[in-house]
Amino acid sequence: MRLPLGQLKKFINIDNISLEELDDQLTQIGIEVEEIHEYGKEINSVFVGQVKEKDKHPNADKLNLCVVDIGREEPLNVVCGADNFSIGDKVAVATIGGTLPGGFKMKKTKIRGIASEGMICASDELEIDSDHSGIMVLSNDAPVGKDFTEYINLADHVLELELTANRGDHLSVKGIARDLAAKYTQCTYKSPDVSDSLGQKDGKTSCDLEIQAQKGCNRYILKTISNIKNGESPYWLKIELGKFGLRPINHVVDVTNFILQELGHPMHAFDLDKLKGRKIIVRYAKDGEKLKTLDEREIKLDSSDLVIADIEKPIALAGVMGGFDSQVDENTKNIALEFAHFDPILIRKTSKKHGFHTDSSHRFERFVDPESIPEAVGRAIYLLNDISEPDTGYIDLYPHLPLIPEITLRIDRIKKIIGKKYPYETVRRILSDLQFKIIDESKDEWLKVQVPSFRLFDVSREIDLIEEIVRIDGYNNFSPEFARVAITPGKYHGERALITKIKSNLTSLNIDEAMTFSFGSKDYFKEFVPEDFNFAILRNPLSEEYSTMRPVLFANLLSAVKKNHDLGDKGIQFFEIGKIFSMNSGKFCEHNALSIIMTEDSMSKFWNKPEEKNDFYSLKGMLENLFDFTTEPVVFSSGNEFFLHPGINAEIHFKGSKIGFAGKIHPSFSKKLGFNSNIYLAEINLSKLSQRSEFLPKFTGISKFPGAERDIALVVSNSTPFSAIEECVKASGGNNLKWVKMFDYYEGEHVESGFRSIAIRMFFQSDTKTLKEKEINKSFQKIEKSLLNQLNVSKRTQ
Amino acid sequence: MEIELIKKDFGDKLDALNELKHLDDLRIEYFGKKGILTQELKNIGTLPPEERSLRGKNLNELKNILNKTLQDKNNLILDEIMTNSIEKEKIDVTLPGRWKTIGTKHIVEQVISRIEEIFISMGFTVEEGPEIETCYYNFEALNIPDYHPARDEHDTFFFDPEHILRTQTSPVQIRTMETMKPPVRIIAPGKCYRSDDIDPSHLPMFHQIEGLYIDEGVTFADLKATLELFLTELFRKKVKLRFRPSYFPFTEPSAEVDVNCIICDGKGCRVCSNKGWLEILGCGMVDPEVYKKVGYDSEKYTGWAFGIGVERIAMQLSGIPDIRYFYENDKRFLCQY
């Protein structure tokens, strides 16, 4: 909200307070000052002048040569194109070296051969309005030589405020001043100038009013004004509206807009002669009724929309926007002014539904004080006084009086919440300054108060009063102090501990962490899941590109790899940990997953050493190292993910169940995604992994006795996996077999096609004695026999 | 032969030598089976008995001397060889080293970990919650009813009228309190989502860390003390805090906390828009409505909550001008941290 300082000063006497301090104090009471604009600072060296001479330009019929006194020794010679003024008139003169809005710099110029030492300004040139029909003629009492912006109150500071959603009462100059007055007890709050009387309740009105709606409209005051001379607003009003960021329209509309900013009361003016039946009805719309609003949109209404109607049709969307057909224009003669209180929730529903957000709906949604409506009526009559004769009567329908809560505040409760003891007198004073009415009290113990009607939206409980006390006393007016409590150890709960461990292992294994959006394009994700996959889909995404929750982690991560790939970085090893999402029988499911992607090009290319390319076994080895903390090892077996290369495709198992996959991305996908090298990827469901819980594992002993190795070279069918050999060796090796390792691998020449040569080494050792040659040989022969009998292998002969 | 003559001949030959191989030849020439010295020793037997003793003594002395000289020369050559090879092995130690680098954690993760570390050290546990939330946990239970203007600040992604992407980490407060009796002392980091269009300061996905502490005797003063300690640890220097009244539906009183700008020390600079303060987090005392929702006795227990935006902290700490860098995953950005 924009708050012109000049306006604020009308309500509260803060002349002795610096702008800096005001900024700070407003912030201290919860009114954040985002920015302070120097309004009118673009206008420089414009002075009030008086026209002394006015003659026709010798070379141009339409130009005048004027001599203008601006209070200097020598008057100025000014060429002027307008003719709407006479000798003796006061005008605004822009002088050489000065500036005007839009960065316009005044320079000495010759117009049709005659030098002009300045410019007599039209109001549009000063951004007061858009009128360029003539120059601006000032009132007779304008002091010659005075700075124009000062004279006309155009120079001002405008504070840009950031307000909180609960304080509807802050949405006006008056509201800010009222709150500030509770902080600045030395400054007095002053009510605005209003007309003494609204009229008599039984006096004449030119229009009838009926509230048919049972709910939604809590109060409605209707005031009619006849024989109005509507037209342009006076300059002061146009200037003040400009400070609020509004454009002048016509006098009546400008007054309604001004009162909304000044007092926070949305009001509306109807052209009475445009209403059918001279009657205003507050009712719910009929399904299918239509309304053309002021912004010339035609909206379709339904029975949940509260409207203002004449006897025929809706003429305004209540509290949100007026109707086009009943609007006040410069020819309007008779008006009906609406001052109402509408229900906040109702207004919010309606404005959301129709996509409106107006100054009026913004305030009604945040509660408008029904009790101060008469003040707004008085203000309107006062401001329209010059151009109208109000009818003697008015109508005030008040079907729903507000419930005014009474709250008891316990003094010791404040200390319990805040930690600071507030003296009884301080509490009492602050509440009174905030216009809470003290209706009962017990000194030093408790106070019972009535909430002022302008605070009904945000104060209803004891805690709300406590907030008020601390807010006005100052949030920075009490010291930090730790509560005295028992110490409990902090720790991770749930999967976060596991994730932290994985992240630290992965980075030490030279993998960089990436983070991608949790959503993406459905069309893209479809490539990576079975056809019957149930996506979690957003109803209101930013765009299709971000419409669907990721069903797998690697899809978006692949895009991140691709991006770097395209930037010329070919060696990429990325991981990401995050949630993946799906739907399962109508329920939303999410769990943490880990994805790792590596390109074939290694990240570490070293000088003077042959480059090592990444392959499936690099990925696998990395994964085996990564999971050194699990309760059981992860196990790989042949897999069949359709987006992976059919032959380089592994399932990962943990405790007997599948937790993920690893492999090379299918060449067809690789091509589709635009990679020109091999990409390896793995994805693992972290919710199924478990971490060793003990701090230190049991000591397993170290044998004191020598051990011995035995090697065997086998020719193995491609259909026999290495894991089968390993298992067979372990199963038949007996207690003394400590480990088995593959140490050589060969396929190609000298090995029959469909077979490969695998050399394994076994190590035998006992914990209790030195093994004899005979014992070792016996174990080894047993293994050899099992291998040859159980598997499709033979001993390599050469 | 005369002792002196043998000695001189040996000395001349030895001086002419500088290779180990030739040294060995010389040793054989004198000490081998048919060596000069061996021969001389054998010849003692042919001398008259009265001369044998002296001749034997002299020859043995000579043998020892020659052996020693030979050994010295041997050592000298070995030393030379080592010196030469050391000279040859000299390398340029400024050539690049060869080892795999260490991977980089994402900057957001680094900030979260650091904040977790600090709070764990203060006795907080780290909790998590779902990212697809219900309106109940994200709004109603947090005292943000339907059609309240406070919802304006939460541009929400919907799956259906009941399910949304959480707009804040605050639902974890409710989920934790539902399963736990006080004392509750938790932080909850995680992703949040708001349907903000992407620009230099907005993304539809970001991270928050929620803090919650409820027990008997927990006050606003404690909140201040805790945050002061936390931020001093995070910024690694004593910070000045400013609390401003604000509004969050699930806390009362509520506050925004500013920290004196770490770039300019509060003097005013571009980062703090010349204000000297940086807005760092929102916090407040847990609202009685929230206790009501989870069945806590608000007369007995009091407590506070806070929420902090991770990307924003990272941007301030590191001077990152555009939030979009975070999820573009350009390695040139990621690997700076």
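Colleague: Which residues in helix 4 of chain A are buried?

Modeller: Buried means under 20% relative accessible area, exposed over 50%, partly exposed in between (1.4 Å probe, protein chains only). In helix 4, the buried ones are A:V173, A:K174, A:G175, A:I176, A:A177, A:R178, A:D179, A:L180, A:A181 and A:A182. That is ten of the eleven residues in this helix (residues 173-183), so it is mostly covered. Helices (H or I, at least four residues) and strands (E, at least two) are DSSP runs, numbered from the N terminus. This is a predicted model: local features need pLDDT of at least 70, side-chain atom pairs 80 or more, while totals for chains, interfaces and linings use all residues. Residues count from 1 along each chain as written, chains are lettered from A and ligands numbered from 1 in written order, and side-chain values use heavy atoms, without hydrogens or water.

Colleague: In which sense do strands 19 and 20 of chain A pair?

Modeller: Pairing takes at least two DSSP bridges between two strands. Strand 19 (residues 306-309) and strand 20 (residues 314-317) of chain A are antiparallel, with three bridges. A hairpin of four residues joins them. A:V307 faces A:L317 across the pair.

Colleague: What stands opposite A:L317 in strand 21 of chain A?

Modeller: A:M321 does. Strands 20 and 21 (residues 321-322) of chain A are also antiparallel, over two bridges. Their hairpin has three residues between the strands, and there A:G319 takes a positive phi near 75°.

Colleague: Is A:K774 buried or exposed?

Modeller: Exposed, with a relative accessible area of 73%. A:K774 sits in helix 19 (residues 773-790) of chain A.
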